[in-house]
Amino acid sequence: MKKIEAIIKPFKLDDVKDALSRIGVKGMTVYEVKGFGRQLGHKEIYRGAEYQLDFVPKLKIDLAVDAEQVDQVVQAIAESGNTGKIGDGKIFVSSIEETVRIRTGESGKAAL
């Protein structure tokens with residue numbers, strides 16, 4: 001099993017969710033986060049004064065998938081989350097040692 005964490009632009013959530021649904025992903029957790037990478041924040045004007053926002057609003061999506069699905073899920077997120085502009089985000093893949101569904105006690109692949 002693998003954990004996929006994706007950082008995306010907030011307005012791309014519906015596109016990513018639809019792409020994942022089409023390939024059979026049944027669940028995800030979404031967080032509102034702030035951060036920056038090469039984008040280094042952005043400038044805004046408020047009441048005539050310009051100021052720098054160091055942290056840009058993003059969404060973080062966490063999902064657990066079977067190892068065979070990883071490439072397909074990563075591709076779906078990358079394609080549907082892409083705007084072609086700086087700050088589109090990143091995808092991280094890591095291993096999961098164990099998964100347990102709390103309600104039923106199922107574990108491993110059955111708990112996904």
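Guide: Let's start where two helices touch. Asp15, Val16, Ala19 and Leu20 in helix 1 meet Val73, Ala76, Ile77 and Ser80 in helix 2. Contact means heavy atoms within 4.5 Å, and helices (H or I, at least four residues) and strands (E, at least two) are DSSP runs numbered from the N terminus.

Visitor: Into which classes do the residues of that contact divide?

Guide: Ala, Val, Leu, Ile, Met, Phe, Trp, Tyr, Cys and Pro count as nonpolar, Asp, Glu, Lys and Arg as charged, and the others, Gly among them, as polar. Here there are six nonpolar, one polar and one charged.

Visitor: What should I keep in mind about the model?

Guide: It is predicted, so local features need pLDDT of at least 70 and side-chain atom pairs 80 or more, while totals for chains, interfaces and linings use all residues. Residues are numbered from 1 along each chain as its sequence is written, and side-chain values use heavy atoms, leaving out hydrogens and water.

Visitor: At what angle do the axes of helix 1 and helix 2 cross?

Guide: Axes are lines fitted to C-alpha atoms, for helices over the stretch in contact, with angles from 0 to 180 degrees between N-to-C directions. These two come within 9 Å and cross at roughly 150°. That makes helix 1 roughly antiparallel (over 145 degrees) to helix 2.

Visitor: And what order do the strands have in the sheet?

Guide: Strands pair if DSSP finds at least two bridges between them. This open sheet of four strands has the order 2-5-1-6, with antiparallel pairing. Strand 2 (29–35) and strand 6 (90–95) are the edges, each pairing on one side only.

Technical notes. Parallel < 35°, antiparallel > 145°, perpendicular 65-115°, else oblique.
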